[in-house]
Amino acid sequence: MLDIKRIPTGAWIGLLVTGVFLICAVFAPWLAPHGNAEIVGGVWEPMSSTHLLGTDNIGRDLLSRMIYGARITIFIAVLATALSFSLGAILGFTAAVVGGWFDTGMSRLVDLLMSIPTLIFGLVVLSVLPSNVVTLILVMGVLDSTRVYRLSRAVAVDINVMDFVEAAKLRGEGMVWIIFREILPNALSPLISELGLRFIYAVLFLSALSFLGLGVQPPNADWGGMVKENKDGIVFGIPAALIPAAAIALLAISVNLVADWILNRTTDLKGGRGNG
Amino acid sequence: MAKAAAKTAHDGPLLDIRNLKIEATVYPPGEEPKQVTIVHGVSLTLQKGKVLGLIGESGAGKSTIGLSSMAYGRGGVKITGGEVILNGRDILKGGAKGVRALRGREVCYVAQSAAAAFNPAHRLMDQVVEAALEHGTGKRAELEKRAVALFRKLSLPNPETIGERYPHQVSGGQLQRVMTAMALCSEPDLIVFDEPTTALDVTTQIDVLAAIKDAIRDTGVAALYITHDLAVVAQVSDEIMVLRHGRLVEWGGTRQIIKEPRQEYTNALVSVHHIEHAEKTPTTAPVLSVKNVTASYGGGEVKVLKNVSVDIHPGQTLAVVGESGSGKSTLARAITGLLPPQEGSITFAGRTLSNALKDRTKNDLRELQMIYQMADVAMNPRQTVGTIIGRPLEFYFNMRGRERDQRIAELLEKIEMGKGFVDRYPAELSGGQKQRVCIARALAAKPKLIICDEVTSALDPLVANGILKLLLALQAEEDVAYMFITHDLATVKAIADSIAVMYRGEVVRYGPKSQVLTPPFDAYTDLLLSSVPEMELGWLEKAIAGRRMAAAGN
């Protein structure tokens, strides 16, 4: 199915950069020259051959911190996005197919959740619950799933009235078939374009939470947390804060390049055979 | 004025297309994209005030040629050769500025689906005068007066005020006439009609057709009339051009084309509706019996079926005819359980069917299948033909693997399609092939009754003919009964054993075919029968004069 020659240049760049980030995340302990919390030099040392990206605000090797940070950032963002999409999409599709009281109940509940600003809601919940990675992922996933729910419900309501769904209902098909085989493949395009965006929002939300001290706890840090740690250096012309920021930007672009390419394939009704 | 000067300055034909060549890029499955030629060097000339009918199947290039007269190529289509000479100059060489001056002033366009072509957010009057206003052909008040006169000429109701309405506030037939008024408003030299009546009911089509014909005669505008219905084009045009695969088949006067076609293909088009089918007599045990069914939408507010009773006999066809809104599709929804009837009962193969879909057994569902009007949306575009036909086999008979694949191949054989189609997606099939796949999906369930909801109305006559022949052959083979919902009486004559005529939710005439189609008729059946275009010169005038009642939805 997948013809390597047909992958456009943009997608290649996206795949390559995302791939590098993923490799860093998976093999962090072997790739990083120093430990995550190991103090190896002075405060904010410039880039040198021993410390390729210099050191941070308390003298830890920035490159090693970046590599470990990739692991934490991507791990949490991927799981939170996966949770929000499975939860939001399945509930949204179900609400569209079942309709009636289930739809009304779910939609009002989601409206209620969305009426509270996400960040404040997250802060309240996280300050009550024990601060660990699992609660963080759950809170981020559930809060984000409201957006996915609304999108998938809206898309599925339109698909649900098509003749082919009616034909499936007349055949006597159950809800699982209708949701996963009739509706999901036709709703993939908007969902995937949303996925690329939501993943980056998850990274940014995590940074915001860490910045406020409720996200990843020290000595571990995600990229957002590292921006916070090194932000004071900017005043002295030290670029340590810009490097994690640039990494976030690069990840955002590369993930969306890949998402666009997949989107291009899913919008095609001829199984990707018509795409150059 | 300037325009009048242009008119007198030149005395050749109004439109002269020479060796027109049009190409497009296509993406065949499993191959490299390639350039195909859609129109192979077609030439035509059109004199002022004359009407030329362009006719052919889908893909014959008739719309493409029609649009080339306004130097336009639809989605990815390019005019790569030839000349289009309008009013003495080649419009292909005019550039963007020349084209802008031309469209909406010298040439206007009437689209097939008026409902989709109007902007729903603006009042009709604003859209009707827009082109003329943009071209500065007159003051607004003056143009609006002209538009009202056109509304009157096209016999629209309330010509003074109809322009105040929005597109959704008028019916389909009226909207089509408003669009004709829009085209006429800027007093063009040429109008391109692209299947203007194809989407309308027969009873409405005749009114629109008469209105268009009168307007053309009174304003002296020339027209290209594009359609696939030879009987329609015979009523309005002076000359007819038959096209096939982007090539000219035959070009001649209307009388010559329909009375003495010289080419075999034209002959096939002219005689397309003749299918031999001997009427079967009703049996004593109907497979489906609908008794006194009443159904409504909106919790009893709007009654759409009133006390309907019909029987369908094993291996026979019941045709349900009527115009849009007569309740024929609702009857199908009541039978399938999608719209549970409020009163009455439905007996199927000796058992009483429960009203709601969710209470029916798998066997009830299997033996009662449905084929839809729009094959495009009746199949999941993300599933291959193999999955679409294979699913009922898995679902009802629990067939898997090779057994299933073999049965799929058999079914494809039955619908006269080869093995190569198993891996294709619906978007890679033609209209007729799609409908065949839908038939195979219904047959896969081994049903006793198939409800066919306008299955041929979206297809070209020749393709539709093939589908009807296939359905009849399959009926003889599998002994399946059909309930055939249609508004096309020619189809009914071809395949039905008994007929039910519906009007506003009621069955007004019901019985064996021979009996229903024998006079004396009731007023509505008479209207329906007299509205079917016949391939005869002057039929339109005769039919309009002889009508006893007006169409409900005009």
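## Where the two chains meet

In this predicted model, 17 residues of chain A are in contact with 22 residues of chain B, where two residues are in contact if their C-beta atoms, placed from the backbone, lie within 7 Å. On the side of chain A that touches chain B, the elements that give two or more residues are helix 7 (163-171) and helix 8 (175-211) of chain A, and the largest share, six residues, comes from helix 7 of chain A. Helices (H or I, at least four residues) and strands (E, at least two) are DSSP runs, numbered from the N terminus.

Sorted by class, this side of chain A has six nonpolar, five polar and six charged residues. Here Ala, Val, Leu, Ile, Met, Phe, Trp, Tyr, Cys and Pro count as nonpolar, Asp, Glu, Lys and Arg as charged, and the others, Gly among them, as polar.

## Chain A as a whole

Chain A has ten helices and zero strands, and its C-alpha atoms fill a box of roughly 70 × 50 × 30 Å, taken along the principal axes. Of its 276 residues, 39% count as buried, a word used for a residue with 20 or more other C-beta atoms within 10 Å of its own, the C-beta atoms being placed from the backbone. Among the contacts in chain A with a separation of 6 or more, 66% are between residues 24 or more positions apart.

## A sheet in chain B

Chain B holds an open sheet of six strands in the order 16-17-18-13-19-20, with mixed pairing; two strands pair if DSSP finds at least two bridges between them. Strand 16 (368-371) and strand 20 (506-512) of chain B each have a single partner strand and stand at the edges, so one side of each is left without a neighbour in the sheet. On average, neighbouring strands of this sheet are turned by 15 degrees against each other, direction ignored.

Strand 13 (residues 317-321) and strand 18 (residues 481-486) of chain B run parallel and are joined by five bridges, and B:A319 has B:F484 in strand 18 as its bridge partner.

## Helices against the strands

Helix 12 (residues 328-336) of chain B lies across several strands, including strand 13 and strand 17 (449-453), and runs at about 150 degrees to strand 17 of chain B. Helix 17 (residues 431-444) of chain B packs on the sheet and touches strand 16 and strand 17, its direction making about 175 degrees with that of strand 16 of chain B. Axes are lines fitted to C-alpha atoms, for helices over the stretch in contact, and angles run from 0 to 180 degrees between N-to-C directions.

## How to read the numbers

Residues are numbered from 1 along each chain as its sequence is written, while chains are lettered from A and ligands numbered from 1 in the order in which they are written. In this predicted model, local features need pLDDT of at least 70 and side-chain atom pairs count only at pLDDT 80 or more, whereas totals for chains, interfaces and linings use all residues.

Conventions: A residue is buried if 20 or more other C-beta atoms lie within 10 Å of its own, exposed if 12 or fewer, and partly exposed in between; C-beta atoms are placed from the backbone.
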